[in-house]
Amino acid sequence: MNIKKYKNMNLSHLFQHKKTNATVLGWLCLMLMVCIPLSAQQTPADAQKEVISIVGATAHIGNGQVIENCTIVMEQGKIKSIGANVSATGKVIDAKGKHVYPGFIMPNSTLGLGEIDAVRASVDEDEIGTYLPHIRSLIAYNAESKVVESMRPNGVLLGQITPRGGVISGTSSVVQFDAWNWEDAAVKVDDGIHLNWPRSFGRSRGQAGVSPNKGYPASVSTIEKYFKDSKTYPLAKTKRHLPFEAMQGLFDGTKKLYVHADAAREITDAILFAKKNGVQKIVIVGGYEAPEVTDLLKKHNIPVLAVRTQSLPQSNDDDYDYAYKLPKVLAEAGILVGLQNTGDMERMNSRNLPFYAGQIVGQGLDKEEALKMITGNTAKILGIDAEYGTLEAGKSATLFISIGDALDMRTNQITHAFIDGRALSLESHQTELWKRYSGKYKAQN
């Protein structure tokens, strides 16, 4: 094709031209691709090919243990050996005076499901409908999201990608944050279904306080009917029903039910409801008033992904720092606690996950206990603790090296990061801008 022939035509003329065909349109697309700069994520790292040893670091294991002057040997994506008396082999990374941590894990996240909140076309976190257990967040996950890329420089290397909206939002999956696509990213596929429990109290327009939600019993009854219909679905000789099929994992234990609830009554009702209807594994997400029902949570061994640490009180009677100390209160009561980040600007704020844990340290919790809430504890809650969450021989070499305390934003400066032994790029859109403008201001001085 002679593209010069069309050089001086405007687009409307071109599309009316009798010779316009798929070839012409193909050339147009190619020209647009050349003219418009495309910016994607850093190229995912290659598989680990050589043995790597990290030597001399303070290793924070993620289970409360700390090993000084530690050597970690990584081979074929796994931690081959770890300890103070381990011999280094292969390529050696000198980490004397530095700290090594397991990769941080962000649960209940919409990372990769939205890019720019103000641009609706770039947000794919929910679907139309009320009961959507068959909606799988994984296949909508954008592995090349610039927002996802910005997690790595703070040590957030894995996340549970979770849909939003409706009564049953859909099914989440756990991914790692250095991949070509969602297939490569997947760590645990379809790990659980997310249920937004109805509010027992509400605030009417113009009211100063809250009042009982009169529709609460009816809403709960509707949810119970849906669960009963789902449970009996395999026994019924009916046509295929994808939503009911997706629910079966709740009854055979292959999926967890993540119940998003805050009030004590809602948490209590949800737990009793789930047990009554044969749901085997339950996690409370939010749990703002969970300290009021710790006995029930402990009785049924139910963990809590606590409400965002840096949140305002939900009630006028609450302490100003209620959300800051909530994880500590639950942990001291014997509850397995992880940290999550639901709320305004949640995707962008997810990079602050380690500093949420640092906030709890400021409330008096032991630093290694706070670390567990974004590593070992969260891995257990999500069911990936056999491979991730702690630094142990035989587990995935998903970890990073920081110059200082990773829970302190002043000193968490990462020099190396690995996912399954693959050495990651720590460059991102933010680091590119930092280099550009720091050069500008240095030149002015």
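Predicted model: local features only at pLDDT ≥ 70, side-chain atom pairs only at ≥ 80, totals over all residues.
1. Overall make-up. The protein holds 14 helices and 18 strands, and 49% of its 445 residues count as buried. Its accessible surface is about 21700 Å², with 53% of that area belonging to carbon and sulfur atoms.

2. Length of helix α5. This helix runs over residues 216-232, and its 17 residues, taken at 1.5 Å a residue, should span 24 Å; the C-alpha atoms at its ends are 25 Å apart, which agrees with that expectation.

3. The buried face of α5. Tyr 216, Val 220, Ile 223, Glu 224, Tyr 226, Phe 227 and Ser 230 are the buried residues of this helix. Viewed down the axis of α5, they fall within an arc of 155 degrees, and therefore line one face of the helix. An α-helix has 3.6 residues a turn, so residues three or four places apart point the same way.

4. What covers that face. The cover over the buried residues of α5 includes the strands β8 (168-176), β9 (186-196) and β12 (256-261), together with the helices α6 (242-252) and α7 (264-276).

5. A loop residue, Asp 408. This residue lies in the loop between β16 (399-402) and β17 (414-419), and it counts as buried because its relative accessibility is 18%, where the cut-off is under 20%. The side chain of Asp 408 is joined to that of Arg 410 by a polar contact of 2.8 Å.

Definitions and conventions. Residues numbered from 1 in each chain as written. Heavy atoms only, no water. Helix = DSSP H or I, 4+ residues; strand = E, 2+ residues; numbered from the N terminus. Buried < 20%, exposed > 50% of the residue type's maximum accessible area, 1.4 Å probe, protein only. Areas by Shrake-Rupley, 256 points an atom, 1.4 Å probe, with all protein chains shown as cover. Polar contact = N/O pair within 3.5 Å; in protein donor to acceptor, adjacent residues only side chain to side chain. Expected span 1.5 Å × (residues − 1). Arc of directions from axis to C-beta. Contact = heavy atoms within 4.5 Å.
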